[in-house]
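Biologist: I am new to reading structures, and I would like to learn where the words come from. Could we go through one together?

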Amino acid sequence: MAAPEFEIPKYREFPTVPAMVPDSMARVRPHVANEKIQSALGYPGALVDDWQEKAIEEFGNLLGKYRSLKVFMDSCVHCGSCTDKCHYFIGTNDPKNMPVARQELMRSVYRRYFTLPGKVFPKLVGARDLTRDVLDEWYTYFWQCSECRRCSVFCPYGIDTAEVTMAARHILDTVGYGQKYSNEILGKVNKIGNNLGLPGPALEDTLQGLEEDVKDDTGIDVKYPLDVAGAEVLLVTPSADFFAEPHIESLIGYGKVFHAAGISWTLSSYASEAGNFGLFDGDYQMMRKVAMRIREQALELGVKRIVVGECGHAWRVAYAFWNTLTGLGAGGDDPFAVELQKQLDPRYKQPSHICEFTWDLIQQGRLKFDKEANDNRVITFHDSCNVARASRMGDYPGGQFDIPRNIIRTVANKFVDMDEATIREVTFCCGGGGGVLTDELIETRVKGAFPRMEALQQVVDRHGVNFMATICAICKAQFTKVLPYYGFNMRLVGGVHQLVSTAIRLGDEQ
Amino acid sequence: MASIEVNGKSYETDEEGYLINLADWNEEVGAYLAQTEGVTMTDQHWEVINFLRDYYNEFQIAPAVRVLTKAIGKKLGPEKGNSQYLYELFPYGPAKQACKIAGLPKPTGCV
């Protein structure tokens with residue numbers, strides 16, 4: 001795992017558009033999924049012989065199924081507004097990482113097989129045959145997109161570029177050209193219940209250890225319950241929260257919030273994953289299969305509320321897709337949705353984000369904090385892309401930006417935002433989202449983190465920031481790995497509930 | 001399929017150099033894998049590797065970083081029971097690099 005040699009981007013005095021370096025990232029691509037990984041998901045084990053025919057057929061299926069994809073294929077006018085908005089382009093200078101150029105890899109094929117001019121005069125309209133080179137190019141560059149949708153914010157036609165990436169990846173999967181990292185993980189969720197492959201007994205052992213640690217630290221018996229039928233809240237969180245640093249610090253924080261508020265809760269060993277990698281290739285059946293575990297556990301444990309931990313794309317899937325995929329959420333009046341709705345407490349948003357949950361309790365005056373416990377920290381907040389641009393919190397637009405910041409300001413004294421061109425709706429991706437968080441893509445990840453690192457450096461220099469809070473397991477893992485490349489301490493990143501954990505009064509110290 | 005050769009015997013690995021068959025592992029293989037990672041093994045390194053293997057045998061998964069740091073702290077003293085110490089031993093990260101040397105599968109997910 002010796003890290004490959006590559007040049008780390010240099011900070012810019014002015015954030016100008018970089019000069020292009022064609023094909024600079026053409027050699028960087030993720031490992032291809034092997035037969036075992038592919039077949040566990042029902043995909044062909046290796047590239048099928050008639051891949052060209054199959055890929056075009058699947059492309060046609062998607063165009064027929066999703067009107068959105070057809071609109072996105074047709075409506076781009078190549079205005080170039082998106083070109084310099086992508087962190088991967090800014091960090092790599094490879095023109096194929098301009099969102100418009102990345103999508104053109106697919107649009108050129110679309111024109112060839114699905115439009116009249118492209119069928120008749122392909123050269124005149126820049127239509128290309130789907131050759132093996134083109135397919136490989138798809139694999140290379142659609143895995144240098146984190147589906148963060150920053151470019152979409154700037155698109156005058158509102159093209160959702162992530163959907164284009166998802167469609168391309170899905171077509172690759174169906175012809176046997178899957179990505180090892182994402183597909184291996186999906187296999188583990190389906191088999192074991194979480195992305196890590198953490199079996200129930202190991203989870204139980206880990207949670208017991210946490211109870212001992214918190215008891216040692218605070219003298220208080222904070223519980224981290226597992227598989228408790230009749231608990232009020234089912235918490236689903238990314239399995240990285242059970243395993244990795246700094247993720248686990250937020251898990252400790254969630255438990256303290258439940259303890260301080262006196263609300264019974266449980267984790268589930270069967271539904272021990274909030275993250276849903278089915279999103280990354282836009283396969284709704286796969287997404288549903290992963291999400292159904294949570295519905296099944298909610299019904300089995302008889303919980304009244306479902307709360308989602310700090311995980312970006314988990315919250316996107318929970319917020320935007322759970323209602324139609326699993327009947328978990330508002331709006332459904334079919335028997336399938338009603339079965340769960342009548343069990344859940346209608347006074348609360350279902351599902352709720354852990355930040356909404358904690359913020360509600362703060363507003364009700366049910367949590368108390370010793371803010372000065374965080375005085376050693378000068379904090380900034382990194383908006384995670386899926387939370388920022390694909391979901392909401394609270395009851396007004398922009399709540400997803402304010403609520404995490406409100407919590408931080410409640411539990412700590414020193415908070416500053418990074419440059420406004422890099423946060424909230426126009427936040428830069430951490431560089432590791434959407435299935436890119438794998439070791440062999442470290443060059444993509446380090447270079448993709450560049451714009452965020454520039455903005456961070458500025459608040460470090462001006463305000464002495466030493467803690468970047470975030471609410472996504474991918475962001476936490478990605479920054480832990482890439483911060484040292486830019487001269488920062490890997491411990492500079494942490495969770496919002498890590499800050500909560502530090503300052504919360506547990507109430508029964510006496 | 002990739003492979004490595006240690007003492008004249010060939011062992012299957014995946015694309016990233018993790019052993020395919022966990023039963024293939026022995027100390028020579030571990031030492032060889034450490035060498036490919038640029039890690040010079042000491043007694044302290046072996047303490048970690050042995051703990052990982054024991055834990056894996058019991059739970060079929062590598063321990064959480066926190067579980068590992070606690071166990072090492074108990075064994076080698078509290079000043080070593082932190083992830084900084086583990087990063088000194090295994091600079092690429094205790095979870096992934098130490099698992100590789102211990103012949104265990106790579107931890108996956110958002111880690």
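**From values to words**

Modeller: Gladly! Leaving out residues up to four places away in sequence, Gly448(A) touches His87(A), Tyr88(A), Gly91(A), Ser146(A), Cys429(A) and Gly431(A). Two residues are in contact if their C-beta atoms, placed from the backbone, lie within 7 Å. This is a predicted model, in which local features need pLDDT of at least 70 and side-chain atom pairs count only at pLDDT 80 or more, while totals for chains, interfaces and linings use all residues. Residues are numbered from 1 along each chain as its sequence is written, and chains are lettered from A and ligands numbered from 1 in the order in which they are written.

Biologist: What makes Gly448(A) count as buried?

Modeller: A residue is buried if 20 or more other C-beta atoms lie within 10 Å of its own, exposed if 12 or fewer, and partly exposed in between; the C-beta atoms are placed from the backbone. Gly448(A) has 32 C-beta neighbours inside 10 Å, so Gly448(A) counts as buried. Gly448(A) lies in helix α21 of chain A, residues 442–448. Helices (H or I, at least four residues) and strands (E, at least two) are DSSP runs, numbered from the N terminus.

Biologist: How far from Gly448(A) is Val303(A)?

Modeller: Their C-alpha atoms are separated by 40 Å, and the two residues are 145 residues apart along the chain.

Biologist: Why is Glu147(A) pointed out for its phi?

Modeller: Most residues other than glycine have a negative phi, and most peptide bonds are trans. Glu147(A) is not a glycine, yet has a positive phi of about 55°. Glu147(A) sits in the loop between α7 (132–142) and α8 (150–154) of chain A. With 28 C-beta neighbours inside 10 Å, Glu147(A) counts as buried.

Biologist: And Asn7(B): is this residue buried or exposed?

Modeller: Asn7(B) has 8 other C-beta atoms within 10 Å, and is therefore exposed. Asn7(B) also has a positive phi, about 50°, although it is not a glycine. Asn7(B) belongs to the loop between β1 (2–6) and β2 (9–13) of chain B.

Biologist: Now the helices. Why are α2(B) and α3(B) called oblique to each other?

Modeller: Two packed helices are described by the angle between their axes and the distance between the axes. Axes are lines fitted to C-alpha atoms, for helices over the stretch in contact, and angles run from 0 to 180 degrees between N-to-C directions. Angles under 35 degrees count as roughly parallel, over 145 as roughly antiparallel, 65 to 115 as roughly perpendicular and the rest as oblique. Helix α2 (residues 43–59) and helix α3 (residues 65–76) of chain B pack at about 130°, with axes 11 Å apart. The pair is therefore oblique.

Biologist: Which residues meet there?

Modeller: Gln44(B), Glu47(B), Val48(B) and Phe51(B) in α2(B) meet Leu68(B), Ala71(B), Ile72(B), Lys75(B) and Leu76(B) in α3(B).

Biologist: What makes α2(B) and α5(B) roughly perpendicular?

Modeller: Their axes come within 9 Å and cross at roughly 85°. They are therefore roughly perpendicular to each other. Val48(B), Ile49(B) and Leu52(B) of α2(B) make the contact with Ala98(B), Cys99(B) and Ile101(B) of α5(B).

Biologist: Last one: how do you know that the radius of gyration of chain A agrees with a compact globule?

Modeller: The radius of gyration is taken over C-alpha atoms, and the globule rule is 2.2 Å times the number of residues to the power 0.38. With 510 residues, a compact globule would have a value near 24 Å; chain A has 23 Å, which agrees. Buried residues make up 54% of the 510 residues in chain A. The chain has 24 helices and seven strands.
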